[in-house]
Amino acid sequence: MPQTIAVLDFGSQLTQVIARRIRECEVFSKIYHYSTPAAKLREDNVVGIILSGGPQSVYSRQAPHPDRAIFDLGVPVLGICYGVQLMGQLLGGEVAHSKAREYGHGVLTVRRAGKLFAGLPRKLRVWNSHGDKLTHLPPGFRAIGTTENSPYAAIADERRGFYGIQFHPEVFHTERGVEIIRNFLLGICGASADWTTRDFITHAVENIRAQVGKGRVLLGLSGGVDSSVAAALLHKAIGRQLTCVFVDNGLLRKGERQSVEKLYGDHFHIDLRVVDASKLFLRRLKGVTEPEQKRKIIGRTFVEVFEKSLKSIGHADFLGQGTLYPDVIESVSIGGNPASLIKTHHNVGGLPERMKLKLIEPLRELFKDEVRRVGSALGLPKEVVWRQPFPGPGLGVRVMGDITAEKLDILRNADAILIEEMKRSGYYYKVWQSFCVFLPVRTVGVFGDERTYDYVIAMRIVESTDAMTADWAKLPHELLQRISSRITNEVRGVGRVVFDISSKPPATIEWE
Ligand code: XMP
């Protein structure tokens with residue numbers, strides 16, 4: 001394990017943000033369940049501990065407590081919000097329960113810069129969100145910062161390296177919060193800022209080789225960012241011991257299969273098996289109109305085809321997956337933290353058990369932006385690394401109602417024009433997703449002297465940071481006009497183009 005900063009999760013929605021900020025300082029961080037034994041932290045080469053915030057009061061009966069031995073490990077500890085109250089209580093201070101939460105901006109006056117506030121101004125705008133308050137310091141501690149409401153907004157026992165702050169340094173509303181975190185990591189824990197993409201790759205390659213040995217790895221390649229980076233990384237580590245399977249389900253975008261074949265087969269020389277199952281998928285989807293039914297059929301058929309492909313390949317020991325860190329963090333759900341309930345419909349659950357394969361997930365410690373950096377460092381092109389998300393069921397949920405080869409063709413051609421124009425104008429990389437949707441509605445128009453009666457294409461172009469909420473993109477009218485007129489001119493069967501101006505919520509990003 002590299003030098004690690006452990007973030008003990010007491011159920012705050014900001015726990016992941018703390019871990020992110022630490023990684024931004026080029027120090028490796030990992031989120032642990034609040035009750036993780038101190039011995040485990042020692043084993044993991046933990047050089048500093050951060051106690052996260054949390055929704056509970058230290059007085060509540062369900063108040064989560066850490067293993068007390070973490071304070072005897074000899075490594076610095078920083079308590080944030082709930083974390084500082086816990087420290088106060090566990091180390092012999094006093095905490096008063098207050099019903100009213102202190103919430104929002106405050107001004108911190110630094111009373112003693114020391115190592116935590118080194119290089120920072122004497123007054124800082126900080127962001128608070130806490131209920132309980134420290135009223136008596138534990139032995140050995142002193143106040144190093146105050147706010148108008150709290151004489152103990154920042155406290156320290158510098159000899160033992162224990163620090164506590166009532167505000168949240170990890171949110172952007174706190175002025176120079178990242179520097180406070182960096183001071184803790186580098187100045188107090190003595191961590192070295194060397195957790196870089198190159199280090200990650202070197203480490204990952206060693207680990208993959210150690211784990212796989214002489215075994216064979218099978219990876220389902222979708223062409224999306226995660227599976228692409230996982231493939232490139234596994235390939236770097238074990239070369240021809242990796243076999244990638246790309247399933248053409250007939251619901252792909254124009255040229256998608258060819259570009260996967262070109263990049264992974266011709267360029268990377270990966271052992272790539274392309275399975276053309278489009279006929280099977282379309283046959284099973286015939287006449288199906290209900291979106292969830294479509295998803296089920298597509299998911300089930302994928303698993304079936306994938307399993308079958310293993311038979312033709314022969315033997316495999318591992319199943320590779322491009323799982324990312326946010327997918328594996330088991331958020332502590334205390335007081336119903338909604339962040340722990342994010343949907344999981346993207347994962348093909350159960351596949352490794354069914355196929356009796358061991359799982360190998362080389363990206364499971366990375367956040368999305370780190371995955372992109374790794375992808376670039378491994379030589380994947382910008383179009384792959386910065387690709388927009390594409391749903392597993394593909395165009396199957398973008399042809400409204402029942403799916404036919406003809407409708408898919410129309411959609412594919414219209415969508416290719418939209419993507420081409422978005423890329424040409426540079427907007428493709430500025431928005432979250434941009435795509436066409438096929439509407440099985442016929443509307444009247446004129447083309448030359450003739451009356452037409454053709455289908456409708458909807459353009460869906462949204463901005464978002466996490467797909468949980470989204471807003472339609474306010475693009476230049478000239479760009480929309482160019483896409484629209486090219487689609488109606490170049491794609492037979494389309495007589496009308498509309499632009500979707502709904503936000504999420506209440507609309508979702510996809511139409512089905
Ligand atoms: P919605 O439509 O729920 O989409 O606003 C949020 C994000 O998830 C993608 N999406 C899916 N991805 N399988 C997937 O792998 C699905 O069934 C699916 N449905 C939606 C969607 O493209 C957007 O990025």
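Modeller: Start with a term. A cavity is a set of points on a 1 Å grid over the protein atoms alone where a 1.4 Å probe fits but cannot get out. A pocket is an open set, with protein on both sides within 12 Å along at least five of seven lines. Lining residues have an atom within 4 Å of a point. This is a predicted model: local features need pLDDT of at least 70 and side-chain atom pairs count only at pLDDT 80 or more, while totals for chains, interfaces and linings use all residues. Residues are numbered from 1 along each chain as its sequence is written, and side-chain values use heavy atoms, without hydrogens or water.

Colleague: How many cavities of 30 Å³ or more does the count give?

Modeller: A volume is the space filled by probe spheres set on the points, which are joined across faces, edges and corners. The count here is 1 cavity of 30 Å³ or more. The largest cavity holds about 50 Å³.

Colleague: Which residues line the largest cavity?

Modeller: Its lining consists of Arg253, Gln388, Pro389, Arg398, Asp415, Ile419, Gln433, Ser434 and Phe435. Helices (H or I, at least four residues) and strands (E, at least two) are DSSP runs, numbered from the N terminus. Both α14 and β17 (433–447) supply at least two residues of this lining. The most come from β17, with 3 residues.

Colleague: How does the lining of the largest cavity divide by residue class?

Modeller: Asp, Glu, Lys and Arg count as charged; Ala, Val, Leu, Ile, Met, Phe, Trp, Tyr, Cys and Pro as nonpolar; the others, Gly among them, as polar. The lining of the largest cavity has 3 nonpolar, 3 polar and 3 charged residues.

Colleague: How much space lies in the second largest pocket?

Modeller: About 540 Å³. Its lining has 21 residues, and Gly255, Ser259, Glu383, Arg387 and Lys423 are the closest to the pocket centre. Two or more lining residues come from each of α7 (256–267), α13 (382–385) and α14 (405–425). By class, the lining of this pocket has 8 nonpolar, 3 polar and 10 charged residues.

Colleague: Into which domains is the chain divided?

Modeller: Domain bounds come from an automatic or database domain assignment. The chain has domain 1 (4–188), domain 2 (197–385) and domain 3 (399–499). Taken over C-alpha atoms, the centres of domain 1 and domain 3 are 50 Å apart. Domain 2 and domain 3 each give at least three residues to the lining of the second largest pocket.

Colleague: Which residues come nearest to the ligand?

Modeller: A residue is near a molecule if one of its heavy atoms lies within 4 Å of it. There are 15 residues around the ligand, and Arg295, Gln433, Lys504, Ile509 and Glu510 come nearest. The shell holds 6 nonpolar, 5 polar and 4 charged residues.

Colleague: How far is an oxygen atom of the ligand from an N or O atom in the side chain of Arg295?

Modeller: A polar contact is a pair of N or O atoms within 3.5 Å. For the side chain of Arg295, the distance to a ligand oxygen is 2.5 Å. For the side chain of Lys504, an N or O atom is 2.6 Å from a ligand oxygen. A polar side-chain atom of Glu510 is 2.5 Å from a ligand oxygen. Accessible areas use the Shrake-Rupley method with a 1.4 Å probe. The ligand alone exposes 490 Å², and the protein buries 90% of that.

Colleague: Is the peptide bond from Lys504 to Pro505 cis or trans?

Modeller: Most peptide bonds are trans, and most residues other than glycine have a negative phi. The bond from Lys504 to Pro505 is cis, with omega near -15 degrees. Pro505 sits in the segment after β20 (494–499). The bond joining Pro505 and Pro506 is cis too, with omega about 5 degrees.

Colleague: What is the phi of Glu26?

Modeller: Phi of Glu26 is near 65 degrees, a positive value. Glu26 lies in the loop between α1 (15–24) and β2 (28–33).

Methods. Polar contact = N/O pair within 3.5 Å; in protein donor to acceptor, adjacent residues only side chain to side chain.
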